Structures are given as structure tokens and as C-alpha cells.
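Subject: Structure for you to look at

Hello,

I am passing on the structure we talked about, with my notes below it. Please read the notes with the model open beside you.

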Amino acid sequence: MVGGQTRANRLDVAQLGAELGERATLVQFSSAFCQPCRATRRTLGEVAAMVDGVAHVEIDAEAHLTLVRELDISRTPTVLVLDATGRIVRRAAGQPRTVDVVAALGHAM
């Protein structure tokens, strides 16, 4: 997972439609027919269950086009790692490996 600037540097409960994790939040942008999105959902869910204070939020990219454009999301899955305040600290497109997700969380916590 690599760092990168987006147009929006912070996300909140209203944008996510869910509460932020106490320590970090894994935000996954998915689409209905995206096969790698299913595997990403499992990976992020497992990491969130393993690490206290980490939440996993999945967002349907097609249903949230304004946010997708604001964040310059160009493919699914795209994963954003947020710190406890909702600041985007890492982002990656494509199916992540568990080890990479855990490493990215290190930047958020």
C-alpha cells in the first residue's frame, strides 16, 4: 500500500455511513461484479477482527459517485486506511495482501 494525496484528506461518519474505528478504519470501495472485491472484503474483515480498535467499512462505489470522484477512485477494489481522526494515511488499488494491510495500519496507529 502506498501513500498518496487525494482531494479529500479526511473522511467522517457522514461520508462513510459508519462509525470510525477507535484506532483506525479500513475503507473499501467495491462494485457489484468485482471478484477481487470479495477477497478484499474477507481480508479486511479478518484484519479488523484481529486488531483491536480497527473497523472495516465497505462502500458501494456506484452508489457513492460523488465521494468516488472527490477521492479520485478509479478502480475497485480501492482501500483507504484512515487514522482515528479519519485522516487518510494510505491508499491502494487492487486486492491487498494481509501483511500489507497490517503494515499500512502501522502508519495509522
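What follows is a list of findings, starting with the sheet and ending with the salt bridges.

Please keep in mind that this is a predicted model.

The sheet and its helices

The strands form an open sheet of four, in the order β2-β1-β3-β4, and the pairing is mixed. The edge positions are taken by β2 and β4 (88-93), each of which has a single partner strand, so one side of each has no neighbour in the sheet. From one strand to the next, the twist averages 15°. Between β3 and β4 the pairing is antiparallel and runs over five bridges. If you want a place to look in that pair, V81 stands opposite R90 in β4.

Helix α2 lies across β1 (24-30), β2 and β3, and runs at about 170° to β1. Helix α4 (residues 98-108) lies across β1, β2, β3 and β4, at about 35° to β3.

The peptide bond joining T76 and P77 is cis, with omega about 0°.

T78 lies in strand β3. Is T78 buried or exposed? With a relative accessible area of 3%, T78 is buried, because the cut-off for buried is under 20%. A polar atom of the T78 side chain lies 2.6 Å from the backbone oxygen of R75. Leaving aside residues up to four places away in sequence, T78 touches V27, Q28, F29, I73, R91, A92 and A93.

Salt bridges

How many salt bridges does the structure hold? There are three. As background, side chains of opposite charge can pair when their charged atoms come close.

- R41 and E58: their side chains meet in a salt bridge at 2.6 Å, N to O. The pair links distant parts of the chain, with R41 in helix α2 (residues 35-50) and E58 in strand β2 (residues 54-60), 17 residues apart. R41 is partly exposed at 37% relative accessible area, and E58 is partly exposed at 32%.

- D83 and R87: the side chains of this pair meet at 3.2 Å, N to O. D83 is buried, with a relative accessible area of 9%, whereas R87 is partly exposed at 37%.

- R97 and D100: the closest N and O atoms of this salt bridge are 2.9 Å apart. R97 is exposed, with a relative accessible area of 53%. D100 counts as partly exposed, at 24% relative accessibility.

On the exposure labels, R97 counts as exposed because its 53% is over the 50% cut-off. D83 counts as buried because its 9% is under 20%.

To find your way around, you could begin with the strand order β2-β1-β3-β4, then go to the cis bond between T76 and P77, and then to the R41 and E58 salt bridge.

Regards

Terms used
Residues numbered from 1 in each chain as written. Predicted model: local features only at pLDDT ≥ 70, side-chain atom pairs only at ≥ 80, totals over all residues. Heavy atoms only, no water. Salt bridge = Lys/Arg side-chain N within 4 Å of Asp/Glu carboxyl O. Helix = DSSP H or I, 4+ residues; strand = E, 2+ residues; numbered from the N terminus. Buried < 20%, exposed > 50% of the residue type's maximum accessible area, 1.4 Å probe, protein only. Polar contact = N/O pair within 3.5 Å; in protein donor to acceptor, adjacent residues only side chain to side chain. Contact = heavy atoms within 4.5 Å. Pairing = 2+ DSSP bridges. Axes fitted to C-alpha atoms, helices over the stretch in contact; angles between N-to-C directions.
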